[in-house]
Amino acid sequence: MRLAEAADAGQVLAASSNVLNVIAAFAGGLIVVALLIWAVMLGVKAKEAESPPPRPDEQPRLPETGPVHEEREMREPDEVPHTVEESERLNPHNLHSAGTKRGEDQTRPRWSPGNSGSFGSGGSGRK
């Protein structure tokens, strides 16, 4: 008799363990759903706080002179100024603002036929 009672008690414990697992999984799911709802509400509030998109009359317009065109110029490296003495140090205000300067020769380099290959193909180029 004791063996049958022990078996029944084991089944009850196993059943209660399964019930606790289901309850824990359900509670975890509810927590995840609550966090997702909170995140969506937070996103909606942030979207509402943003300024509205510009109206058509607030959109940027072309200048009356027409579209602005790009400028091309040939650049060359700007040398670092040399100091008079070896012990003299260069400070930031002694340097130029850019690493390049406008080149003396503004003609664009052209490739001569037969000199340039097709980019990346390793071919012999134009003949």
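Glu50 is partly exposed in this predicted model, with a relative accessibility of 49%. Its side chain meets that of Lys47 in a salt bridge, at 3.8 Å from N to O. Lys47 is itself exposed, with a relative accessible area of 58%. In general terms, side chains of opposite charge can pair when their charged atoms come close.

Arg55 forms a salt bridge with Asp57, where the closest N and O atoms are 3.4 Å apart. The side chain of Arg55 also meets Glu58 in a salt bridge, here at 3.2 Å from N to O. Because they share partners, these salt bridges join Arg55, Asp57 and Glu58 into one network. Asp57 is exposed at 55% relative accessible area, whereas Glu58 counts as partly exposed at 44%. The structure holds 6 salt bridges.

Now for a nonpolar part of the surface. Ile31, Leu35, Trp38 and Leu42 form a patch there, and together they have about 450 Å² of accessible area. Trp38 sits in helix 1, which covers residues 2-49, and is exposed with a relative accessible area of 53%.

Stepping back, you will find 1 helix and 2 strands in the protein, running α-β-β from the N terminus on. Of its 127 residues, 2% count as buried. The protein exposes about 12300 Å², and carbon and sulfur atoms supply 60% of that area. Among contacts with a separation of 6 or more, 51% come from residues 24 or more positions apart.

Conventions. Residues are numbered from 1 along each chain as its sequence is written. This is a predicted model: local features need pLDDT of at least 70, side-chain atom pairs count only at pLDDT 80 or more; totals for chains, interfaces and linings use all residues. Side-chain values use heavy atoms; hydrogens and water are left out. Patches are made of residues with over 30% relative accessible area and no salt bridge: like charges are joined within 9 Å, nonpolar side chains (Val, Leu, Ile, Met, Phe, Trp, Tyr) within 5 Å. Accessible areas come from the Shrake-Rupley method with a 1.4 Å probe; for residues, only the protein chains shown count as cover. A salt bridge is a side-chain nitrogen of Lys or Arg within 4 Å of a carboxyl oxygen of Asp or Glu. Helices (H or I, at least four residues) and strands (E, at least two) are DSSP runs, numbered from the N terminus. Buried means under 20% relative accessible area, exposed over 50%, partly exposed in between (1.4 Å probe, protein chains only). Contact means heavy atoms within 4.5 Å.
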